Amino acid sequence: MLNIEDLHVRTGDADILKGLSLSVNAGEVHAIMGPNGSGKSTLAQAVAGHDDYQVTAGRIEFDGKDIAELDPEERAREGIFLGFQYPVEIPGVNNAYLLKAALNAKRKHRGEDEIDAFEFLKLAKEKMALLGMDPKFLNRGVNEGFSGGEKKRNEILQMAVLEPRLAILDETDSGLDIDALKAVAEGVNALRAEDRAIVLVTHYQRLLDYITPDVVHVLSDGRIVHSGDKTLATELEERGYDWVVEAAAG
Amino acid sequence: MNGLDLTRLKEHVSGQGPSALDPIRERAIASLESDGLPSTRHEDWKYTDLSVVAQISDAWLANPAAPISTTAADSLLAALVDDGEVDWLLLRNGNIEADGVKELAGVSVSRLSDGAHKPQLTTPLAALNAALISDGLVIDIESTPERPLGLLFLDDAADSPGLSQTRVDIRIAAEASAELIEYHASFGDNEHYGNAVLTLDVAAAATVRHLRVQNRSRAHSQTQRLDVRLARDARFLSASFDLGGKLTRNDLDVDLVEAGAHAEFRGLYLSGDGQHMDNHARVDHRVGPASSRQEYRGILFGRARAVWNGKAVVHEGADGTDAEQANHNLLLSEHAEIDTKPELEIYAEDVRCSHGTTVGQLDEKALFYLRSRGLAADDARRLLVRAFAAETLRSVPIPALTDHLGGILEHRLADIKDIPLNV
């Protein structure tokens with residue numbers, strides 16, 4: 001589903017990704033781990049299409065199609081979702097409005113009718129119940145005054161409503177207490193499906209106690225230097241990153 | 001002297017009724033003769049040139065034709081009156097309409113020419129106003145009215161240059177609570193100058209909720225002054241919207257004269273091609289404790305010009321003052337210009353004062369966030385501009401006219417053509 005070959009990405013004057021290759025199939029959950037500054041968030045932003053991250057070489061293919069030239073909104077409508085590490089507060093834009101506009105943009109792209117108000121509300125409330133979110137969050141400004149945990153739940157809510165084919169969750173576990181972490185994990189697990197791929201970008205292993213990945217990758221200095229099954233995450237937690245990084249450099 | 005033809009003005013005024021206004025007219029003319037209108041050399045008028053005001057006034061004095069009612073003005077009037085949410089008093093083309101003085105429970109409405117009320121003349125523009133008014137409204141709100149009271153300033157200038165001078169003095173009795181709406185609208189493409197002078201005297205423990213809407217013709221100019229005086233524990237809560245007009249200058253002066261007074265006012269101005277919008281707001285803290293908050297927001301696009309000057313003066317002994325001033329501007333075009341200046345003068349010791357201004361473009365992070373959810377770039381930009389305006393819209397202290405205001409604001413926002421990503 002997602003096929004990245006020899007990807008080089010620059011932001012500002014810095015080359016961050018230096019030949020990253022990654023293949024994620026439908027139905028799989030991959031975890032991308034790595035030390036701070038290794039390029040994890042850059043990878044997430046580049047796949048979502050942020051202008052500040054310039055692809056200087058290599059390819060990003062989604063469903064066999066090169067998406068390098070697509071705007072972020074086109075990628076979103078094709079079914080790529082980025083869960084932000086730092087969800088943006090947008091006072092004055094209602095949470096429900098954004099959810100509905102996002103859903104309708106996608107439906108329109110597929111040639112479907114816009115969702116009616118009643119159906120939308122039913123859908124949103126159903127997904128919120130799953131995530132343990134109070135329906136009153138629908139009428140708040142997008143992430144406005146939300147706690148760290150509420151913001152991350154809101155990201156998962158958007159994902160649950162939009163039902164993307166590829167979800168990249170950037171440090172979704174950071175800043176969460178244990179209840180929020182469990183709720184977020186439950187939301188992610190509920191979305192695991194044969195036709196959907198999920199990429200978890202994380203620094204710590206603890207999210208993986210609740211979401212079992214099929215493949216774990218270690219990213220270091222802009223490249224994937226090691227891949228393994230779920231046991232690799234535990235090993236990284238115990239031994240740190242140095243041994244993998246050194247072995248790769250070795 | 002700024003061009004104003006005082007000889008012609010005196011000729012026009014002499015013999016104009018009602019004679020009860022003669023003393024104030026004489027005072028006004030004497031004041032104009034000694035001071036004239038302020039020029040751009042005056043600090044408070046540095047960015048707003050009143051020579052256009054003098055020109056239109058002179059043109060009108062040379063030919064003071066009665067304006068012909070426009071159908072657009074008639075339709076707005078009908079729509080607002082039919083809506084039935086507000087008790088309207090109509091000031092059309094500077095005249096108090098016959099049904100503008102009506103019986104309302106708890107409210108006494110009279111005319112300045114009745115002679116019981118002696119108006120203050122605080123500035124040269126207030127003097128110009130007093131010299132040329134046909135009459136003024138005096139409104140006493142004795143107890144909490146059932147419905148919001150609306151002042152509709154409606155001007156037509158389709159055929160010849162127009163001039164309207166309006167004066168309204170309002171007193172709110174102690175412990176009363178009133179909702180007050182000022183609606184300034186005008187129609188027609190000929191030149192027009194409107195000059196409105198209002199005073200609002202709020203007695204102890206009374207509350208005024210105030211909404212001001214200015215949506216005048218893009219060919220018309222206006223100056224407006226509102227002086228608010230707050231007694232002990234009185235509250236003034238206000239939101240103001242400037243959407244139309246060519247040259248617009250608003251002066252809002254709030255005087256906190258007794259302890260416990262609280263003023264909280266916000267403003268939103270949308271200035272586009274060929275528009276000049278100047279907001280000067282001043283708060284005088286004469287005693288403490290008392291508090292004031294002001295926040296103005298501006299959206300500038302095309303070849304727009306805007307000015308904001310927010311001043312708080314904390315007088316000697318006004319300990320316990322809490323004053324905040326803020327001005328935020330979205331600059332959506334490289335051709336737009338804003339001059340913004342917060343001012344604090346503090347002569348007391350135990351005070352809490354803060355001020356801040358920002359001038360910027362749309363938040364890039366928010367734009368990417370919206371686009372990453374599938375919203376087209378242009379839709380995302382418009383949504384962020386609307387969101388910026390919505391912050392003021394949701395602070396309106398009066399529920400009446402919500403839909404109408406949302407509608408005209410949306411209509412005006414649709415005038416913003418291209419929103420560049422970076423200016």
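## Confidence in the model

Chain B has an average pLDDT of 94, with 97% of its residues scoring at least 70. This is a predicted model, and for the complex the predictor reports an ipTM of 0.96 together with a pTM of 0.92. A word of caution for anyone zooming in: where pLDDT is low, the coordinates should not be read in detail.

## The sheet in chain A

Let's turn to chain A, where 6 strands make up an open sheet with mixed pairing, ordered E6-E9-E10-E3-E11-E12. At its edges are strand E6 (80-83) and strand E12 (223-228), each of which pairs on one side only. From one strand to the next, the twist averages 20°.

Within this sheet, strand E3 (residues 29-33) and strand E11 (residues 215-220) of chain A run parallel and are joined by 4 bridges.

Helix H8 (residues 242-249) of chain A lies across E11 and E12, running at about 115° to E12(A).

## Where the chains meet

The contact draws 20 residues from chain A and 16 residues from chain B. On the chain A side, helix H2 (72-78), strand E7 (90-94) and helix H3 (95-109) each contribute at least two residues. H3(A) gives the most, with 5 residues. By type, the chain A side comprises 13 nonpolar, 3 polar and 4 charged residues.

Methods. Residues are numbered from 1 along each chain as its sequence is written. Chains are lettered from A and ligands numbered from 1 in the order in which they are written. This is a predicted model: local features need pLDDT of at least 70, side-chain atom pairs count only at pLDDT 80 or more; totals for chains, interfaces and linings use all residues. Two strands pair if DSSP finds at least two bridges between them. Axes are lines fitted to C-alpha atoms, for helices over the stretch in contact, and angles run from 0 to 180 degrees between N-to-C directions. Two residues are in contact if their C-beta atoms, placed from the backbone, lie within 7 Å. pLDDT is the predictor's confidence in each residue, from 0 to 100. Ala, Val, Leu, Ile, Met, Phe, Trp, Tyr, Cys and Pro count as nonpolar, Asp, Glu, Lys and Arg as charged, and the others, Gly among them, as polar.
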